[in-house]
Amino acid sequence: MPDIPTSSTEDPKVAGWKTFLNLVRPRIDSYAHAAAWLLVVITLFRFWYATQIELVGDEAYYWLWSKNLDIGYYSKGPGIAWTIALGRSLWGDTEFGIRFCAVLLSAGTGLLTFLLARRLFQERVAFWVLVTLLGIPLYAVGSILMTIDPLSVFFWTASALLFWRAKDSPNNGPWAATGLLIGLGMLCKYTNVAELICFALFCGLFPELRSHFRRRFWIMTGVALLCLAPVLIWNARHDWITFQHLWQRGELNRPWRFSPSECFQFLASQFLVLGPFLAAGLVAAVVWTFRRGLVTAHRKELAFLLCLTLPLILFYTFLSFNDAAEANWTAPSWISGIILLVAVAQPWMDRSAAARRTGQAVLAVSLLVTVLFHAASLSRTGFGPLDSLFDRARGSADLARQVAALQQQHGATFLIANKYPTASLISFYHPSHPMVYLPNDPKRRNQFSYWPDYTDGYAMETALFVTDSREFPEGLSRSFSAVELIKNLDVLHSGQSIRNFRIYLLKEYGLPAHP
């Protein structure tokens with residue numbers, strides 16, 4: 001505990017300030033204190049950073065979900081919508097309100113990661129795991145985005161921490177609680193079901209844990225699957241559309257093909273997301289663990305991390321021979337992978353000065369890249385690939401402002417966009433947050449298919465159509481009496497044109513087109 005001044009001759013006001021400062025001053029006399037302050041500082045920074053970049057399309061799309069709360073949605077469970085609804089209830093329809101919970105979840109994931117690494121190894125390893133995670137650029141930058149990944153990673157890490165305790169417990173409670181955390185994660189991202197397979201693999205590796213398969217493992221599995229009841233009920237009412245979507249999303253609805261280039265594309269994306277040096281270090285740590293780590297005193301801890309890391313990566317690597325998986329689909333594996341990397345590297349760095357210098361250099365470069373990514377997200381750099389990466393979070397406010405002005409100028413009463421991210425972003429940044437529709441399509445392609453569209457209530461009225469494509473939907477032109485291209489609109493960021501849209505005026509909905 002900090003020393004509290006007690007001198008009776010000191011000015012009471014000065015003594016009071018010293019007491020206050022002693023209470024709040026950073027106490028970095030242990031790795032736990034350093035980790036706590038690191039989390040506090042990073043979280044405060046992220047609260048500020050979350051207000052500096054515009055929403056991406058998925059965030060705005062999920063924001064619309066939170067305005068139409070349900071027990072299930074086209075492609076996901078209800079977790080993301082309920083979470084955003086909580087942030088909106090506190091801070092309104094603002095970027096901060098939408099991302100508020102994302103920042104808290106990232107802080108929570110950091111804390112859970114520290115606790116997991118400390119429980120498996122020691123505080124020193126846990127602290128450096130936290131620092132190393134900051135060296136993953138997209139993890140650090142993406143930690144403020146209110147998508148399904150912060151929720152998925154949070155519940156994945158919480159489940160792993162609780163399972164590590166449950167495996168040594170004779171009681172059913174910790175197993176049921178672990179199942180609940182997995183189930184909550186599945187309500188946010190279905191990938192979290194893979195954690196049941198990870199835990200099954202781990203229990204199967206050690207004879208003393210196989211007895212859990214008699215009852216406790218199935219209690220955990222049952223509770224997790226029970227959490228999916230809302231999703232199943234919603235899908236039963238909507239032609240099991242989520243299962244159709246997932247089947248198509250994995251390109252499993254077409255003949256299987258063997259494409260090494262698709263697989264290479266996926267593996268390259270993993271190296272880019274983790275950073276080439278950390279990714280190479282993780283590969284080396286996995287190889288060392290298989291060759292030597294599983295006969296050391298920490299074999300159970302290392303095996304646990306392997307079971308948490310490899311199944312998801314290997315599964316999506318296999319699927320990528322058919323069609324490349326998205327880079328973020330393996331996001332939950334990154335946490336356990338980094339713990340494994342630091343735990344394996346730490347003894348080497350303690351024994352060898354060359355290894356220590358190499359590790360410090362890799363970490364320094366990774367952290368520097370993270371800083372550069374943050375800077376690039378705030379302002380264009382002139383480096384094409386990097387600017388293209390962040391342009392998806394730029395210009396939406398300017399687009400909505402220009403569309404709103406054209407809408408008022410031409411007396412259009414409703415808006416249509418060609419893509420759901422564009423429609424969602426215009427709806428969010430438009431001054432009056434109107435519903436922006438998609439062209440009427442009998443095929444169900446996203447959540448917009450389940451909401452009312454312009455076919456009800458807009459007869460004889462005029463609309464604006466916003467598109468970034470040169471192709472005009474044929475069905476849309478037949479629904480209006482006249483179609484006129486009124487503007488090629490440049491979306492600006494810092495005075496530079498970053499995207500181009502075509503704005504059409506659609507007159508008299510419901511009348512056949514003039515010959």
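User: What does the side chain of Lys-167 reach, and why is that called a polar contact?

Analyst: The side chain of Lys-167 reaches the backbone oxygen of Trp-164 at 3.5 Å. A polar contact is a pair of N or O atoms within 3.5 Å; within protein, one must be able to donate a hydrogen and the other to accept it, and residues adjacent in sequence count only if both atoms are side-chain atoms. The Lys-167 pair, at 3.5 Å, therefore falls within that limit. Before we go on, this is a predicted model, in which local features need pLDDT of at least 70 and side-chain atom pairs count only at pLDDT 80 or more, while totals for chains, interfaces and linings use all residues. Residues are numbered from 1 along each chain as its sequence is written, and side-chain values use heavy atoms, with hydrogens and water left out.

User: Is Lys-167 called buried or exposed, and what makes it so?

Analyst: Lys-167 is called buried, because its relative accessibility is 6% and buried means under 20% relative accessible area (exposed is over 50%, partly exposed in between; 1.4 Å probe, protein chains only). Lys-167 lies in the loop between H8 and H9. Contact means heavy atoms within 4.5 Å. Leaving aside neighbours within four places in sequence, Lys-167 is in contact with Trp-175, Phe-202, Leu-209, His-212 and Lys-300. Lys-167 and Ser-211 are 44 residues apart in sequence, with their C-alpha atoms 10 Å apart in space.

User: Where is Ser-169, and which residues is it in contact with?

Analyst: Ser-169 is in the loop between helix H8 (148–166) and helix H9 (173–186). Helices here are DSSP runs (H or I, at least four residues), strands are runs of E (at least two), and both are numbered from the N terminus. Ser-169 counts as buried because its relative accessibility is 10%. With neighbours within four places set aside, the contacts of Ser-169 are Pro-174, Trp-175, His-212 and Arg-216. Its side chain also reaches the backbone nitrogen of Asn-171 at 3.1 Å. Trp-175 and His-212 are also among the contacts of Lys-167.

User: Why is Asp-453 put in its accessibility class?

Analyst: Asp-453 has a relative accessible area of 19%, so it is buried. It is found in the loop between S2 and S3. The side chain of Asp-453 makes a polar contact with the side chain of Asn-440 at 2.6 Å. Apart from neighbours within four places in sequence, Asp-453 is in contact with Tyr-437 and Asn-440.

User: What makes helix H21 largely enclosed?

Analyst: In helix H21 (residues 420–429), 8 of the 10 residues are buried, so it is largely enclosed by the rest of the structure. Those buried include Thr-422, Leu-425, Phe-428 and Tyr-429.

User: How do you know how compact the whole chain is?

Analyst: The chain's secondary structure comes to 22 helices and 5 strands. The radius of gyration is 26 Å, close to the 24 Å that the globule rule gives for 515 residues, so the chain is as compact as a globular protein of that length. That radius is taken over C-alpha atoms, and the rule is 2.2 Å times the number of residues to the power 0.38. Buried residues make up 51% of the 515 residues.
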